[in-house]
Structure formats: structure tokens, C-alpha cells
Amino acid sequence: MTVDDTGSGTDGEGRLEPKSADPGEDPLALRLEQLILGAERRYTPFQAARSAGVSMELASRFWRAMGFADIGQAKALTEADVLALRRLAGLVEAGLLSEAMAVQVARSTGQTTARLADWQIDSFLEGLTEPPEPGMTRTEVTYPLVELLLPELEEFLVYVWRRQLAAATGRVVQATDDEEMVDRRLAVGFADLVGFTRLTRRLEEEELGELVEAFETTAADLVAARGGRLIKTLGDEVLYSADDAGVAAEIALRLIDTMANDETMPELRVGIAFGTVTTRMGDVFGTTVNLASRLTSIAPRDAVLVDSAFAEELVRTQEAPASETEAAEAAAAAEKEGEEPPTYRFALQPMWQRPVRGLGVVEPWLLMRRDGGA
């Protein structure tokens, strides 16, 4: 075997051989890494880039986008790292993705899976790897447990990703034109726990974590069940969207009702706006999003404030009357003609116009469930 200037060993045929682990590294951590990655450390970053046929500059851009730290020229990369580089570069070379888009793919995937991995370790594996019997160490439990769980979790991850991809693709292909595929008209809602900062000073860390998890879980379930899309959670706040104003309104009111019936939960306030939204990497941006956030900050406790565009959309789709007077007149006219009166799920009450920082004067409406609504 010979050794090159990076300290890498090669056999008689010039193949790279695994370098021995750093004596300071935890042997169990290295064994777990090899189990999860399915391969041993074989390459420095330079060697991996060369084997993948890409420049070191592009390889570094991809790795940083995926959220991996710079490791200098340590031998820490595997065949899987080389294959990933080769695939991304191949998509660019084939003209399927631009280089900038390939970096975005790497970044969005890295950010999403990093959060998932952190959650699985912090909330899932940490509890499962508690020694089941006195005298057993966590080391004796962790490796066989990960070995059993890994293939099941991997299959489930791919299944959920495919399902989500199918749903997202369906939303895109229903867009009426190319511009709408990027800049879409959506209802965007923020739900915010009231007095959360005070709670952080009063509750123990474990209690606070349980409260946040319960809130996020409840919100995620309600949003999904009613046909909305959970954009992100921010501890004491969730951001969701819906193509339909009625769906967004139903989600908001059900969130208020559900939290109000839970004595362990603080009060909630929700703000919703309707309009053009720019979507990037699973997130949403634009004036509509900013307006929904501002409405949340001025909403009364256990109440939902919406902007005038959202109110107009509910009226247009006959989910709410423009006013109770109009509803009464429509009901009287229907009765006179022997027809069924129109039914509305929601009611809207105009509030005082007010200036909102960065957005000018807005006209908020209080959203309520109408008597007899679903």
C-alpha cells in the first residue's frame, strides 16, 4: 500500500482504502455513522469531488447548501457522498436543472431533513435508548435499536415524501398559467399563543416543551384534516395556507375552539389575509403574509381577524353574507318565492380601520361562525 500527500492509503490497484479513525472520536459514534450511511469513510472532500467529476468549488457549494460543515481535508466522506455529487452535477449537465436550482434543491432538502433528524434524535431515539434494565448502558441499546429502526424509518420517509410530492404537484398543475405557479393567490393564516413570553419564565423547560409540542401537533392535525397546508411552526406560532378562503376560515375557528377547550393551553389569536403569495423552498413570502402576521398581533384574544380581501372572497363564494341586513333580505326574498334561503357558514363584523406599520391603513374584519353554520 502507498500513501498520497493527503495521507490516504491505496492498495496495489490504486483504490482508496479507509483511513483509521481519529483516536479522539467515539468508537460507537463511528459505528453508528457507518451503519446509518451504509459505508465507511474513504474520501477527503477533494478526492470526493474528483471522483464525482465536479469542481471543488461546486462540491463545496452543494455541501454547504445541504447544511454540512467545512471539514478541511479530513477523510470523512463515503461513496454515497460521491454519488450524491455525481447525481446533482448530472442533473445540471443534462440541462434538467440550472446550477442555481440544483443548489436550491440541496438547500431545501438539507434544511428539511436536518430538522427531521434533530426531532427524531431529541424526541424519539433519546427516549427509546434509555437502558431498559439496570446495569445496561445506552451504548448497548443504541446500536441494535438503530439497526432495527433504520430501514423502517427510511421506507416511511420515502412514502411520506412521495405523497407530499403528489399533492404539491397536483396543486401546481391546476394553476391557470405559469405566473400563478410561482405567484399564487392564497389565504395565509397565522395562529399565535397569547402570553407565551410570560409562560417561558413561569414553566419548567420540560413543561414548556410539552406545551409547544401539543400546540404544534394540534395545529398540524387540524390544518391537514381540513385541507390546508402547514407552512412552518415557530414554537408559539404556526403559519398555514389554503387555496380556499372557506377552508382557511374553518381552520382558524376550529383552532380557537380546540384551544379554548383545553385548560392547559393559553388563549389564541389568529390573523388571515388573502392575496398573491410568492412560494420558495416550501415557505411563503410577500405583502399578504406580512399582513396576516400584523393582523394576528392586533387580534383580540380567542378571535380571528381577517383583511378586506379575505372578507370579499368569503362573500364572493357565498360563505358569508356581506352584512346581516343583506342576509335577512335574501332570506325574506327566498321565503316569498317558496325557495330555500341561502345558508352561510361564517359572519363578518367590520372593525375600526387602523394604520399598520409598513402596510398603511388596513380594514380588519372579525370572523365568526354564523348561527346555524357547520
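Predicted model: local features only at pLDDT ≥ 70, side-chain atom pairs only at ≥ 80, totals over all residues.
Residues are numbered from 1 along each chain as its sequence is written, and side-chain values use heavy atoms, with hydrogens and water left out.

Q: How many salt bridges does the count come to?
A: A salt bridge is defined as a side-chain nitrogen of Lys or Arg within 4 Å of a carboxyl oxygen of Asp or Glu. By this rule, the count comes to 13.

Q: Which residue forms a salt bridge with Arg-254, with the closest N and O atoms 2.5 Å apart?
A: Helices (H or I, at least four residues) and strands (E, at least two) are DSSP runs, numbered from the N terminus. An α-helix has 3.6 residues a turn, so residues three or four places apart point the same way. The partner at 2.5 Å is Glu-250.

Q: Is Glu-250 buried or exposed?
A: Buried means under 20% relative accessible area, exposed over 50%, and partly exposed in between (1.4 Å probe, protein chains only). The relative accessibility of Glu-250 is 2%. Because this value is under 20%, Glu-250 counts as buried.

Q: Which strand holds Arg-369, the residue that pairs with Glu-250?
A: The side chains of Glu-250 and Arg-369 meet in a salt bridge of 3.0 Å, N to O. This pair links distant parts of the chain, 119 residues apart, with Glu-250 in helix H10. Arg-369 counts as partly exposed at 26% relative accessibility. Its place is in strand S13 (residues 365-369).

Q: Which residues are linked with Glu-250 in a network of salt bridges?
A: Two of the links are the pair of Arg-254 with Glu-250 and the pair of Glu-250 with Arg-369. Arg-254 is partly exposed, with a relative accessible area of 31%. The residues linked with Glu-250 in the network are Arg-254, Glu-319, Arg-345 and Arg-369.

Q: Which residue meets Asp-70 in a salt bridge?
A: Asp-70 counts as exposed at 57% relative accessibility. The side chains meet at 3.1 Å, N to O, and the partner is Arg-64.

Q: Which residues make the nonpolar surface patch of about 280 Å²?
A: Patches are made of residues with over 30% relative accessible area and no salt bridge; like charges are joined within 9 Å, and nonpolar side chains (Val, Leu, Ile, Met, Phe, Trp, Tyr) within 5 Å. Accessible areas come from the Shrake-Rupley method with a 1.4 Å probe, and for residues only the protein chains shown count as cover. One member lies in helix H5 (residues 99-128) and is partly exposed at 31%. The patch is made by Leu-116, Trp-119 and Leu-157.

Q: Which residues form the negative surface patch?
A: Asp and Glu count as negative, Lys and Arg as positive, with His and the chain ends not counted; the place of a charge is NZ of Lys, CZ of Arg, CG of Asp or CD of Glu. One member, Glu-205, lies in helix H9 (residues 205-225) and is exposed, with a relative accessible area of 73%. The patch is formed by Glu-204, Glu-205, Glu-206, Glu-207, Glu-210 and Glu-213.

Q: Which side chain makes a polar contact with the side chain of Thr-44?
A: Thr-44 lies in the loop between helix H1 (27-37) and helix H2 (45-52) and is buried, with a relative accessible area of 0%. A polar contact is a pair of N or O atoms within 3.5 Å; within protein, one must be able to donate a hydrogen and the other to accept it, and residues adjacent in sequence count only if both atoms are side-chain atoms. At 3.2 Å, the side chain in contact is that of Gln-73.

Q: What is the positive phi of Gln-318, which is not a glycine?
A: Gln-318 is placed in the loop between helix H12 (308-316) and helix H13 (324-336). Gln-318 is exposed, with a relative accessible area of 60%. Its phi is about 60°.
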